[in-house]
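User: I'd like to go through this model with you, a few questions at a time. Could we begin with the strands?

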Amino acid sequence: MRLRFLGGLGVLAAATILTTGCDSPPADTVKMADSKADAAAKAKASKAAKVQRAAAVKANELGQIPVLMFHRIVEKPATTDDRSPAQFRADLERLVREGYVPITAAEMVAGKIDIPAGKHPVVLTFDDSSPSQLTLNEVGVPQKDTAVAILKEVAAKHPGFRPVATMYITRDMFGKTVREEQAQTLQWLKDNGFDLGNHTRDHINLRGRSQKEVEEQISTIGKQITSLSGVKPTTIALPYGNQPKNKNWALHGPGYHHDGAFLAGYTPSAAPFSKAFEPAGIPRIKVMEKKGDCSQFCSEAWLDWLNKNQDMRYVSDGDPRTVAYPKFKNPYLRKTFATWALPY
């Protein structure tokens, strides 16, 4: 009886163990499921918070971006392309007041727009590599009233206003003819966060030129920039804003690959996340007051327009990993950036 009783208990215990094993999942599986649920809940909460922040600042990262085109900064402007140091300071101070933060052309075309929430990107571009843009003194500091010196001065007064710009370089090389001096200047720009772009070797009109001529003009200066600075330009500013017969010649050729080609005017640019963005023909805006044709098509007029039509202007959500915008703008998003989308 005793043996049979114990045997019965053993069978009962075994049965209980087997039943428990069949009906309940292993502890590791339960933990894994809980962990996945927690991660999903956290991700959902994080996205909801991002959407809330984007809505709070009225983010619109499908909006338009002003790309401003400068040339010489000289005390006595000789052409409408020139700006005096006082005018250039005023141009920058206006951008500060209206919430703009400079980014480079390379950052723009790559979609690397990392500025605070509620701010607007602006691209400052300088054509022709003039000494008035950057000349270093005997101790390697930008000379007073050059474009770079003024930009750094304004940025120092206004923390958050980045002292960066894109310098479009020709063989003029900021007035330097000695290779070591050319290298010193380009290295200084590189080391201080400035972007080096291609502006062709001789600044010739590429319209109507053969493919060979176009490629030679672009590749030779590109190779020189790289040999002097170690930087391979990722954008080009087309002289006079004119595209070659085949616009892709400006983007790809022997020894060069550009992600964007910039024109000479006359409107703000579409955001790189928008279907309207055209890498082979990105518009820029001439910097000038409202006079003549500039009453509609230059910087003062366009900045006024963007200020009055704020729903059309790029507004950052503060997160460079997302593209935030009002839901009704969803049809304008480039498919390439679908995984970045944060509609609200």
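User: In which sense do strands E1 and E3 pair, and over how many bridges?

Analyst: Keep in mind that this is a predicted model. E1 covers residues 67-70, and its partner E3 covers residues 120-127. Leu 68 stands opposite Leu 124 of E3. The two strands pair in the parallel sense, over four bridges.

User: Which residue in E10 is the bridge partner of Leu 68?

Analyst: Happy to trace that one. E1 is also joined to strand E10 (residues 285-286), in a parallel arrangement with two bridges. Within E10, Leu 68 is partnered by Ile 285.

User: Are the residues on the two faces of E1 buried or exposed?

Analyst: Val 67 and Met 69 point to one side of the strand, Leu 68 and Phe 70 to the other. Both faces are covered, and all four of these residues come out as buried.

User: Phe 70 has a ring; which residues are linked with Phe 70 into a cluster by ring pairs?

Analyst: A search of the whole structure turns up ten aromatic pairs. Ring pairs link Phe 70 into a cluster with Phe 88 and Phe 126.

User: How is the pair of Tyr 168 and Phe 262 classed, and how many residues apart in sequence are the parts that the pair ties together?

Analyst: The ring centres of Tyr 168 and Phe 262 are 6.3 Å apart and the planes meet at 45°, so the pair is tilted. Both Tyr 168 and Phe 262 are buried. Tyr 168 sits in strand E4 (residues 166-169) and Phe 262 in strand E9 (residues 260-262), so the parts tied together are 94 residues apart in sequence.

User: What about Trp 302 and Trp 305: is the pair stacked or edge-to-face?

Analyst: These two are three residues apart in helix H9 (residues 299-308), which means they are separated by about one helical turn. Trp 302 is buried at 15% relative accessible area, while Trp 305 is partly exposed at 31%. Their ring centres lie 5.5 Å apart with planes at 85°, so the pair is edge-to-face.

User: Which handedness does the disulfide of Cys 294 and Cys 298 have?

Analyst: The count comes to one disulfide, joining Cys 294 to Cys 298 with an S to S distance of 1.9 Å. Both cysteines are buried. The torsion about their S-S bond is about -45°, so the disulfide is left-handed.

User: Last one: how far apart are the end C-alpha atoms of residues 120-344?

Analyst: UniProt, in an unreviewed entry, places "domain: NodB homology" at residues 120-344. That stretch is 25% helix and 15% strand. Its end C-alpha atoms are 19 Å apart.

Conventions: Residues are numbered from 1 along each chain as its sequence is written. This is a predicted model: local features need pLDDT of at least 70, side-chain atom pairs count only at pLDDT 80 or more; totals for chains, interfaces and linings use all residues. Side-chain values use heavy atoms; hydrogens and water are left out. Buried means under 20% relative accessible area, exposed over 50%, partly exposed in between (1.4 Å probe, protein chains only). Two strands pair if DSSP finds at least two bridges between them. A disulfide is a pair of cysteine sulfur atoms within 2.5 Å. UniProt positions are given in the numbering used here, feature names are shortened, and annotations may be inferred rather than shown by experiment. Rings of Phe, Tyr and Trp (its six-membered ring) pair if their centres lie within 6.5 Å; planes under 30 degrees apart count as stacked, over 60 as edge-to-face and the rest as tilted.
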